[in-house]
Amino acid sequence: MDTFHIPVLLGEAVDALCPKAGGIYVDGTLGGGGYAEAILRKILPSGLLIGIDADEEALAESKRRLEPFGKRKTLLKGNFADIARMLKELHINRVDGIVLDLGVSSRQLENADRGFSFSLPGPLDMRMDRSAKLNAYDLINTLSVQELEKIIRGYGEETMAGKIARAISEEREKAPIRTTSELAQIVVRAVPPQFRHKKIHPATKTFQAIRIAVNNELANLHHAINDGIKLLNERGRFCIISFHSLEDRIVKNTFRSWEKGCICPPDIPFCRCNRKPLLKVITKKPITPGSIELADNPRARSAKLRTAERI
């Protein structure tokens, strides 16, 4: 088993990707290299795997794990939003498949220093790329109450965003909020008592929202899908595993938009965009983990796999 990160829906994702021997494939969220290794075994002896990750720790782990594959893999530090530029620099114009796993890795969650988890005391960081300037401490301690509420409500879908944002503002007036534990406690105190002992921790949605904002995750996902589709060869597959409704909605709607082609408003009688359909959606409904996988990895419970094929 992958001790760095447990790949969710691994078999299902690789089957959906349909990797062929000699093909070129992109793992845009390399993590510990679990998907990449499974793909490489399918595309030998002459295929190529391009692995991308913003996290240097993930790249180091993947480099170690994928060392036996030699020149059949190229690992790059970067964000999948820049997939078009990164492939151009490698003189690659088309690929046969792309896979993205949008979840936070097990290693990131379990490393308190990364600041992703409300259950572990650590600095307010949450950066996927630790060389990036903006971190969670900056957002929590500098944004206005209105901006905080907008992020927590919009990215966390938190109904009590206003209460939480005001509580954060009141606490930081006394002293800067520096740790994950401090932030989690502020959120717990801000919500009504009946919400403090639910199955899902009260701080879950707030931490999700701040992480998304720190890493610009939703905008990056939009860029990656739209650019990635144009890079696919005919019958190339795009597989994306999402973990919350905001991501899944973007994946579903963007795939459907490229399947439809035309993006003109329905009240316009004649198409003016002249955009042709580029995709066929393979998964009309998302694939989700089965009971065996959930028993082994409860963090997989919210995962949804969607796949589309270039036409």
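Is Phe118 buried, exposed or partly exposed, and what relative accessibility places it there? In this predicted model, Phe118 has a relative accessibility of 25% and counts as partly exposed, because buried means under 20% and exposed means over 50%.

## An aromatic pair

The count of aromatic pairs comes to two. One of them joins Phe118 and Phe207 in an edge-to-face arrangement, with 5.6 Å from centre to centre and 80° between the planes. Phe118 lies in the loop between helix H5 (106–110) and helix H6 (136–142), while Phe207 lies in helix H10 (residues 204–215), so the pair ties together parts that are 89 residues apart in sequence. Whereas Phe118 is partly exposed, Phe207 is buried, with a relative accessible area of 3%.

## The sheet

Strands of a sheet pair through backbone hydrogen bonds, and the pairing is either parallel or antiparallel. In this model, seven strands form an open sheet with mixed pairing, and their order is S3-S2-S1-S4-S5-S7-S6. Strand S3 (73–77) and strand S6 (279–281) stand at the edges and have a single partner strand each, so one side of each is left without a neighbour in the sheet. On average, and with direction ignored, neighbouring strands of this sheet are turned by 15° against each other.

Strand S5 shows both senses of pairing, for strand S4 (residues 95–101) pairs with S5 (residues 232–242) in the parallel sense over six bridges, whereas S5 and S7 run antiparallel and are joined by six bridges. Towards S7, Ser242 of S5 stands opposite Lys304.

## Helices packed on the sheet

Helix H2 (residues 34–43) packs on the sheet and touches strand S1 (24–27), strand S2 (48–53), S3, S4 and S5, with its direction at about 170° to that of S2. Helix H11 (residues 217–231) also packs on the sheet, where it touches S4, S5, S6 and strand S7 (304–310), and its direction makes about 155° with that of S5.

## A buried charge

Glu293 is found in helix H13 (residues 291–296). What is the nearest side chain of opposite charge to Glu293, and how many Å away is it? The nearest one is Arg301, 12 Å away, and Glu293 is buried yet has no salt bridge; a salt bridge would need a side-chain nitrogen of Lys or Arg within 4 Å of a carboxyl oxygen. Leaving aside neighbours within four places in sequence, Glu293 is in contact with Pro7, Val8, Leu9, Glu12 and Ala300.

Key. Residues numbered from 1 in each chain as written. Predicted model: local features only at pLDDT ≥ 70, side-chain atom pairs only at ≥ 80, totals over all residues. Heavy atoms only, no water. Pairing = 2+ DSSP bridges. Helix = DSSP H or I, 4+ residues; strand = E, 2+ residues; numbered from the N terminus. Axes fitted to C-alpha atoms, helices over the stretch in contact; angles between N-to-C directions. Contact = heavy atoms within 4.5 Å. Buried < 20%, exposed > 50% of the residue type's maximum accessible area, 1.4 Å probe, protein only. Lys, Arg positive; Asp, Glu negative; His and termini not counted. Phe/Tyr/Trp six-rings, centres within 6.5 Å; stacked < 30°, edge-to-face > 60°.
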